[in-house]
Amino acid sequence: MRRVVLIVLDSFGIGGAEDAALFDDDGADTLGHIAEACAAGKGDRPGLRSGPLALPNLDRLGLGAAAAASTGGKALPLGHSGDPQARYGYGIEISKGKDTPSGHWEIAGQPATFDWGYFPHTIPCFPAALTEALIGEAGLPGILADRHGSGMDIIAAFGEEHIRTGKPICYTSADSVMQIAAHEEHFGLDRLYELCFIARGLADRLNIGRVIARPFVGETPQDFVRTGNRRDYSVAPPEPTVLDRLIRRGSHVVGVGKIGDIFAHRGVSEEIKTSSNGETFEAMIATLPGLRDGDLLFANLIDFDTLYGHRRDVAGYAAALEESDRRLPELEALLKHGDLAIITADHGNDPTFRGNDHTREHVPILAFGPGLPAGPIGARRSFADIGETVAAHLGLEPGTHGRRF
């Protein structure tokens, strides 16, 4: 039996990329700086975690060795003392963005080599024509924020006015994205989704990668909280990905988490929505036994990015990594002879770095399964090497981008 489990640890970079300075990210290192902070006691939080970063299962698969190869430094002490028991290395992104669609598309064999559209660091940040069209087509009394901002900060600043006026909170970030936050009850979840659908059509003209619905609940800045009903409205990849190629062949592709949204619901047979890393692990464990020969399970663990990277929460990020590491053997126990599992990431989001945005970094590539050989795969010159390895393992003809490892 040949099946593939492809897991993206969202934002888990392992050292600055060669072109990091072009993105103003020179010096970023998500894993390295988290480990350094934990070793210095800066990752401690009573009731959550304490002490050095401990990732013995990921380290057993080669995480520390991959990070050392990425940075040119010594292997991090992450909890495993022997040789790596998997294929390990790191990926170099060639896409022109450092955002979620760029990273995931390239992992699936389709780099985003074109220029995305971005909104300027001005107030207002959205073009007047876009704002006027959105207000008119959606029947809105207006919009709030209209600037760059970080999720919960901007909801705290404008949430009460949003409830009072009915104006949605519209903001952006360093990514090619328009985010719209609205209260699930006062504004309505279905209305928010419809608003984002309208915004998606308007954003197409500006080559914006995603429109994201950001629903929240609560009545005051002290108790506002985002819910798990986020929805991403992405453009579709410009060329077929390995997901599309598998669907054409008749294989079953299961997307867990936000995978379906990222690929504009193309190339995915079945979508399992989850709102946390824990739910994603449960879905993977429940789904894997039912996969057939030639099938793909593609999952995204989102909490690292949304809850901890963007919020610059070192302790939270470290605790989430350690929890995922503890659960990894549950997944390994379900793999059968011939199965291939790959753990990787789509970009970095160094919680010790300036600002609140993604960071341009190398990503880990850890490939394993019963009976598969261990050893280094070195620096992969595109994330697309992952997609081509998936394709080769599942018996597809080579694609346009990437080389199997």
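Mentor: One term to begin with: buried means under 20% relative accessible area, exposed means over 50%, and partly exposed lies in between, with a 1.4 Å probe and protein chains only.

Trainee: What kind of model is this?
Mentor: This is a predicted model: local features need pLDDT of at least 70, side-chain atom pairs count only at pLDDT 80 or more, and totals for chains, interfaces and linings use all residues. Residues are numbered from 1 along each chain as its sequence is written, and side-chain values use heavy atoms, with hydrogens and water left out.

Trainee: Is E322 buried or exposed?
Mentor: E322 counts as buried, because its relative accessibility is 9%. E322 is found in helix α12. Helices (H or I, at least four residues) and strands (E, at least two) are DSSP runs, numbered from the N terminus.

Trainee: What does E322 touch?
Mentor: Leaving out residues up to four places away in sequence, E322 touches R49, P52, L53, A54 and L55. Contact here means heavy atoms within 4.5 Å.

Trainee: Switching topic. What is the strand order in the open sheet?
Mentor: The eight strands run β10-β9-β11-β1-β12-β13-β2-β14, with mixed pairing. Two strands pair if DSSP finds at least two bridges between them.

Trainee: Which strands stand at the edges?
Mentor: β10 (270–272) and β14 (375–380) do. Each has a single partner strand, so one side of each is left without a neighbour in the sheet.

Trainee: How do β2 and β13 pair up?
Mentor: β2 (residues 87–91) and β13 (residues 363–368) run antiparallel, joined by five bridges. For a landmark, find G89: its bridge partner in β13 is I365.

Trainee: Now helix α8. Which residues are buried there?
Mentor: V242, L243, D244, R245 and L246 are buried in α8 (residues 242–249).

Trainee: And what do they pack against?
Mentor: The buried residues of α8 pack against β9 (253–256), β11 (296–301) and α13 (384–393). After α8 comes G250, whose phi is positive, near 105 degrees.

Trainee: On to pockets. What is the volume of the largest pocket?
Mentor: About 490 Å³. On a 1 Å grid over the protein atoms alone, a pocket is an open set of points with protein on both sides within 12 Å along at least five of seven lines, a cavity is a set of points where a 1.4 Å probe fits but cannot get out, and lining residues have an atom within 4 Å of a point. Grid points are joined across faces, edges and corners, and a volume is the space filled by probe spheres set on the points.

Trainee: How many residues line the largest pocket?
Mentor: It is lined by 25 residues, and T227, G228, R230, S275 and I302 lie nearest its centre. α11 gives the most to this lining, with three residues.

Trainee: How does the lining of the largest pocket divide by class?
Mentor: Six nonpolar, ten polar and nine charged. Ala, Val, Leu, Ile, Met, Phe, Trp, Tyr, Cys and Pro count as nonpolar, Asp, Glu, Lys and Arg as charged, and the others, Gly among them, as polar.

Trainee: How much space lies in the second largest pocket?
Mentor: About 340 Å³. Of the 27 residues that line it, G149, S173, Q179, H310 and N356 are the closest to its centre. β6 gives the most to that lining, with three residues.

Trainee: How many cavities of 30 Å³ or more are there?
Mentor: The structure holds one. About 90 Å³ of space lies in the largest cavity. The residues that line it include I7, L9, F281 and L328. α12, the helix of E322, gives the most to the lining of the largest cavity, with four residues. By class, that lining has nine nonpolar, one polar and one charged residues.

Trainee: What about the backbone? Which peptide bond is cis?
Mentor: The one from I123 to P124 is cis, with omega near 0 degrees. P124 sits in the loop between α4 (100–107) and α5 (128–138).

Trainee: What is the phi of A264?
Mentor: A264 has a positive phi of about 55 degrees, although it is not a glycine. H265 is not a glycine either, and its phi is positive at about 60 degrees. A264 is in the loop between α9 (259–262) and β10, and H265 is in the loop between α9 and β10.
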